[in-house]
Amino acid sequence: QVPELEKATVRIRQPERVREVIQSLREQGVAKLQVISDFDMTLSRFGCNGRRCPTSHNILDTSRVISEDGKKKLKDLLHYYYPIEIDPNRTLEEKYPLMVEWWTKAHKLLVQQKIHKSDIAQIVRESEVMLRDGFQEFFDQLHKNNVPLFIFSAGVGDILEEIIRQASVFYSNVNVVSNYMDFNDDGVLTHFKGPLIHTYNKNNTVLQGTGYFQQLSTRTSIILLGDSMGDLTMADGVPSVENILKIGFLNDKVEEWRGKYLDSYDIVLESDETLDVVNGILRYILAE
């Protein structure tokens, strides 16, 4: 069906089941399909030329509009909270309030920097962010076939929208839910709009009132793309899921996390900086 599934980066625990789901997605047809995706390190690259690529938060945190003191404080927060976020021995219940604490403190620090809306495009341009190889085909295929792409991100919405815009793929079928900045009349950041979205609440709770999935109630075939355990709940708001294919990018600590990812995602892509597999599956599903 999909030659890309033979790539060396692909791991699948239940190949038979995956084949069946892909077949069902194809049979249900394009009118029933939607794609739900994380952004940072899922649609954007994890690394390039042996270096880590920035997330939408990193882009802002390390940019020229942040004071040296601000950069240091943001880095300190990262060093304290990130190990908690990825600690396999802590429960979700333990992590949840700590993630809220981290995001809240980070947003507060960013507000103190008096960031200007007019600086955002330049900040993104100067950053080392890159979308995954094959992004053009990915966005183009979905747009051409009127397949809704829902990007659900715990990052900074203004930054990630700008990344997509600068890549010239911010099409009408793309919808983003993320943490957005609020600027005053002078274009200065005053606060972040609610609700706060962090790694572990990407589910129905923060979508209440958006009604996004309600409008798409006939889109019962889902391809979900993520790179963390928190991304697995992103489709929870969909009223009636008939078929769902969960594809996980395992970017880091591959040996350590492999088992957990294979338990949770249908297809796991290990250290794969491309969208080849996703594009191959979409080509097969969308083929006339």
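Begin with helices α3 and α4, whose crossing is left-handed; that term applies if the near helix is turned anticlockwise from the far one by less than a right angle. The model is predicted, with local features needing pLDDT of at least 70 and side-chain atom pairs counting only at pLDDT 80 or more, while totals for chains, interfaces and linings use all residues. Residues are numbered from 1 along each chain as its sequence is written, and side-chain values use heavy atoms, leaving out hydrogens and water.

Select residues 68-85 for α3 and residues 92-112 for α4. Helices here are DSSP runs (H or I, at least four residues), and strands are E runs of at least two. The two axes, lines fitted to C-alpha atoms over the stretch in contact, come within 10 Å and cross at roughly 165°. The helices are therefore roughly antiparallel, a label for angles over 145 degrees.

Now turn to the largest pocket, with a volume of about 1,300 Å³. A pocket is an open set of points on a 1 Å grid where a 1.4 Å probe fits, with protein on both sides within 12 Å along at least five of seven lines; lining residues have an atom within 4 Å of a point. Select Arg-52, Thr-55, Tyr-82, Glu-85 and Trp-102, the closest to its centre of the 48 lining residues. Finally, colour α3, which supplies the largest share of the lining, 6 residues.

Key. Axes are lines fitted to C-alpha atoms, for helices over the stretch in contact, and angles run from 0 to 180 degrees between N-to-C directions. Angles under 35 degrees count as roughly parallel, over 145 as roughly antiparallel, 65 to 115 as roughly perpendicular and the rest as oblique. Grid points are joined across faces, edges and corners, and a volume is the space filled by probe spheres set on the points.
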